[in-house]
Every structure is written in structure tokens, then in C-alpha cells.
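Subject: Handover of a structure

Hello,

Please find the structure below for you to take over. My notes on what was found in it follow.

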Amino acid sequence: MQIIADVGGIPGKDCRGFCKYCYFRKVKGNEPLGCKNCSPGRVGCESCTTGVRETKNEFIPPFMVLGSVQNSLMMGNYHDADLKVNVSGGGDVSCYPHLMELTSGLNQWDLPIHLGYTSGKGIDDSKIAADLISLGVNEVTFTVFSTDPHLRREWVLDDKPEESMKALEIFCQNSEVHAASVIVPGVNDGEKLFETCAKLEEWGAKAFILMRFANNRNQGLVLGNEPIIEGVESHSIDEFDALVRSVNKEFNFKVTGTPVCDPENDTPFAISKDKNKEYLEILSEVTSEATILTSNVSAPFIKKIIKNIGAEDLVNVVAAEQDIGCLITHEDLEKIDLGDLTETVLLPGRAYVHNKRAQEILSRDGVDRIIARGPDKLSVDGEMSGTLTREEVLKKELIAFEDLIEAINFFGVRKS
């Protein structure tokens with residue numbers, strides 16, 4: 001269990017400039033995408049306007065962050081021995097100008113501190129890492145990209161890559177480090193990737209998350225910012241899956257990937273694997289007809305699960321061109337063949353589409369369809385999977401699919 005200490009920050013501004021591969025680079029406009037949090041009659045809210053662009057607020061003064069954490073401690077009913085404080089924000093945590101003051105203040109509650117995503121480029125002196133550890137930091141999520149200082153200087157815009165890498169080494173040796181790298185083909189993959197892994201293993205990192213570089217709209221760039229880098233072709237899903245598995249075979253720390261895969265926990269969609277088929281027996285029976293509209297990556301897994309529970313005659317699965325389900329927008333819905341849809345369509349819970357707009361788009365053929373939402377997540381990505389056991393992953397997926405089946409049976413057309 002964790003309490004978030006949100007320090008705020010805006011990508012590109014509060015991180016010493018955009019990394020060349022950053023998802024938020026080249027973001028255009030401020031038009032709302034629409035989402036489940038919008039009011040029924042209006043497209044747009046904070047979540048799908050400033051929230052998705054992470055332009056909500058600049059860095060927050062430390063006394064306000066500490067006050068928020070204190071309120072959470074006072075109002076929450078915390079009895080979890082694993083309770084920790086997660087320092088995170090929209091910018092780079094290492095660039096937060098009051099980081100030492102904040103961690104010193106948090107240390108008064110004698111709770112372990114997790115530094116959320118940081119590239120480390122705000123660390124100009126590696127001694128800072130030792131100071132943070134002495135103040136209670138025992139877990140760090142560190143976007144390394146590469147341990148090669150030349151690549152970090154060029155791609156991460158790290159002015160002092162030698163110091164940030166020394167800091168990472170100190171963190172690895174004295175805390176639990178989950179390293180991460182966005183993998184840009186021809187830049188930090190191949191031999192360079194294995195050099196980075198060797199360093200991380202030598203230093204004592206606990207886990208390494210590989211993130212596929214997104215450069216096209218269907219890979220998640222839905223904010224008018226494609227391509228981020230001209231001329232770079234991202235790994236296909238199959239190529240990336242193979243890359244994650246090859247790294248996992250060579251090194252001893254935990255290796256996961258996003259959007260695929262976790263070789264040890266079998267995510268995403270562990271319950272689609274034949275060896276876990278027996279767990280599907282605890283799910284409720286599907287009694288209604290509906291269409292599950294999902295992402296291009298998720299569709300094959302969900303189809304297999306639906307088949308394995310014997311519901312393929314009632315439920316069909318339709319894939320949008322988008323690779324990430326929660327980043328499906330109205331543009332993706334407009335490309336769907338309406339002839340593939342039943343009278344009830346379930347969208348991903350977090351899809352960036354206004355409910356009324358989705359209903360209008362998916363009923364253009366004259367069929368007045370019911371549009372509903374499934375659970376926010378049906379599986380876990382590499383970031384979460386790396387912190388869970390196999391049993392925890394299976395439990396989360398089974399709960400999510402039970403919720404999905406309940407939605408199908410409630411909103412779908414009942415079949416006797």
C-alpha cells in the first residue's frame with residue numbers, strides 16, 4: 001500500500017528538457033479527447049484535457065506536498081506493514097528543487113520512501129543518492145535508457161551522465177532499483193542494451209523494464225505528436241516480445257516489457273495460457289450476447305479466453321487499430337466495421353472516448369447500439385507485473401474478467 005506524494009511538474013519543462021524519445025514531445029493542441037469522467041452531455045474534463053497531457057500544474061511547494069501526505073495519514077485507515085510513500089509527479093523527480101527538504105520531512109513518519117520515475121538527469125552530484133538513502137529512500141524507479149554516457153548525453157539530454165550513473169550505482173547497491181529503458185531501434189538496443197543490462201546486473205538492480213518506443217498514432221501517440229522521431233520504425237509487437245525474452249534469458253534480475261511481456265508471470269493475460277486454463281472454471285457463465293471492442297494487442301488473448309470459457313457463440317472480439325486499449329479514441333472507433341458489432345458493445349474502461357460520442361459513431365448504420373464500458377484493466381503491464389507474484393497476477397486477471405462477464409450479462413442481449 002502506498003501514499004502518493006505528488007510534487008507536480010510538467011513534462012519538458014520540469015525535467016531539464018524533453019528526452020528525444022519522450023512520449024510528450026511534440027504534443028499539439030488542448031482539445032479534450034473525451035473519457036468516462038466527462039459529464040453525460042459534454043465532451044471534456046480535466047482528465048482528458050490537461051490530465052492526459054500532464055500539463056495540470058508546475059512543481060508544488062514542499063510544505064503543500066507534506067501537508068497532503070499528512071492528511072492522507074490522518075484520514076486513512078492504514079494498518080499495512082508495507083505502507084510506503086511514493087514521491088512522483090509529471091516532471092522528473094530528480095529535478096524537483098526541494099527534493100532533499102521533502103524527503104527530510106517525510107522521514108519524520110519513519111515510512112520507506114519510493115522515488116517514482118526519474119531519469120536521474122537532475123542529479124549533478126552522485127553524493128545526492130547517498131543523502132537520499134540516509135533519509136529513508138529504499139526504492140527507486142530509474143529510467144536509465146543506456147549506461148553509455150554518450151547516448152545519455154545525446155538522447156536523455158543529461159549534462160552530467162557520469163554523475164547520474166554513479167548515483168544509479170549507489171541506488172542499486174543500497175536500495176531496491178527498478179530500472180527502465182525506452183528501446184529505440186538502432187540506438188540503445190542490440191549490443192548497447194546488453195552492455196546496459198550487464199552494468200545493472202553488476203550494480204545489483206532488482207528489475208529492468210523494457211518499454212517499446214512509440215512513434216506512430218496506432219502505438220499510442222494520440223495527442224497529435226506523431227512521429228516523435230522521423231525515420232525510426234519501432235519494433236513490432238512480435239519483435240519486442242522476442243527482445244524481452246532474450247534479455248530475460250541472459251540476466252538474473254527480473255525482466256519485463258510493456259506493452260508485452262513478462263516471461264515469468266506470463267502477462268499480459270496469463271489466464272489465456274493453456275497451463276492456467278483450469279483457473280477459468282471459477283468464472284461465471286456468460287448468458288448474454290455482446291461485442292468486446294479492444295486493442296490490437298489484447299484482441300488475440302481475449303478471443304482465446306472467450307473461447308476457453310465456451311462463450312464464443314455469444315461474445316465476439318473486435319480489434320481497433322490502436323495497440324493500447326486505454327488510448328483508443330473516437331478516431332479509432334470511426335474505422336471499425338459496424339457489421340462486426342452486435343447490439344451491445346463494451347469499450348475498455350479507460351478509453352479516451354466520450355460515451356455519447358461513442359454511441360453516435362458506433363450506431364451510424366442505423367442500429368441503436370448500447371455502448372458500455374468494461375473494467376479499467378483486464379491484465380497488468382510490465383511495470384506492475386514486475387512487482388507481483390504469479391498468483392497475484394492470476395488473481396487480478398480473474399477478478400477483472402469476472403467483472404467483464406458481469407458487464408456482458410447485464411448490458412448484453414439475453415440469450416435463453
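**Salt bridges**

Aspartate 241 and arginine 245 are four residues apart in helix H8 (residues 237-250), so about one helical turn separates them. Helices (H or I, at least four residues) and strands (E, at least two) are DSSP runs counted from the N terminus. This is a predicted model, in which local features need pLDDT of at least 70 and side-chain atom pairs count only at pLDDT 80 or more, while totals for chains, interfaces and linings use all residues. Residues are numbered from 1 along each chain as its sequence is written, and side-chain values use heavy atoms, with hydrogens and water left out.

Aspartate 241 and arginine 245 form a salt bridge, and their closest N and O atoms are 2.7 Å apart. The term stands for a side-chain nitrogen of Lys or Arg within 4 Å of a carboxyl oxygen of Asp or Glu. By this rule there are 22 salt bridges. Arginine 245 has a relative accessible area of 34% and is therefore partly exposed (buried is under 20%, exposed over 50%, partly exposed in between, with a 1.4 Å probe and protein chains only).

A second pair is lysine 304 with aspartate 274, where the closest N and O atoms of the salt bridge are 3.3 Å apart. This pair links distant parts of the chain, 30 residues apart: lysine 304 lies in helix H9 (residues 299-308), and aspartate 274 in the loop between strand S7 (254-258) and strand S8 (288-294). Lysine 304 is partly exposed at 33% relative accessibility, whereas aspartate 274, at 56%, is exposed.

An open sheet is formed by seven strands in the order S1-S2-S3-S4-S5-S6-S7, with parallel pairing. The edges are strand S1 (2-6) and S7; each has a single partner strand, so one side of each has no neighbour in the sheet. From one strand to the next the twist averages 20° (axes are lines fitted to C-alpha atoms, for helices over the stretch in contact, and angles run from 0 to 180 degrees between N-to-C directions).

S1 pairs with strand S2 (residues 84-88) in the parallel sense, over five bridges; pairing requires that DSSP finds at least two bridges between two strands. Within this pairing, isoleucine 4 has asparagine 86 in S2 as its bridge partner.

**Cavities and a pocket**

Two cavities of 30 Å³ or more are present in the structure. On a 1 Å grid over the protein atoms alone, a cavity is a set of points where a 1.4 Å probe fits but cannot get out, a pocket is an open set with protein on both sides within 12 Å along at least five of seven lines, and lining residues have an atom within 4 Å of a point. Volume is the space filled by probe spheres set on the points, which are joined across faces, edges and corners.

The largest cavity has a volume of about 40 Å³. Its lining consists of Val93, Ser94, Leu99, Leu115, Thr118, Ile123, Leu132 and Phe171. By class, six of these lining residues are nonpolar, two polar and none charged (Ala, Val, Leu, Ile, Met, Phe, Trp, Tyr, Cys and Pro count as nonpolar, Asp, Glu, Lys and Arg as charged, the others, Gly among them, as polar).

For the second largest cavity the volume is about 30 Å³. Among the residues that line the second largest cavity are His178, Phe208, Lys254 and Glu383. Strand S6 (207-212), S7 and helix H12 (382-385) are the elements that each give two or more residues to this lining, and S6 gives the most, with three. The lining of the second largest cavity divides into three nonpolar, five polar and two charged residues.

The second largest pocket holds about 200 Å³ of space. Of the 18 residues that line this pocket, Leu33, Val222, Leu223, Gly224 and Glu331 lie nearest its centre.

Phenylalanine 410 sits in helix H13 (residues 390-411). At 65% relative accessibility, phenylalanine 410 is exposed.

Regards
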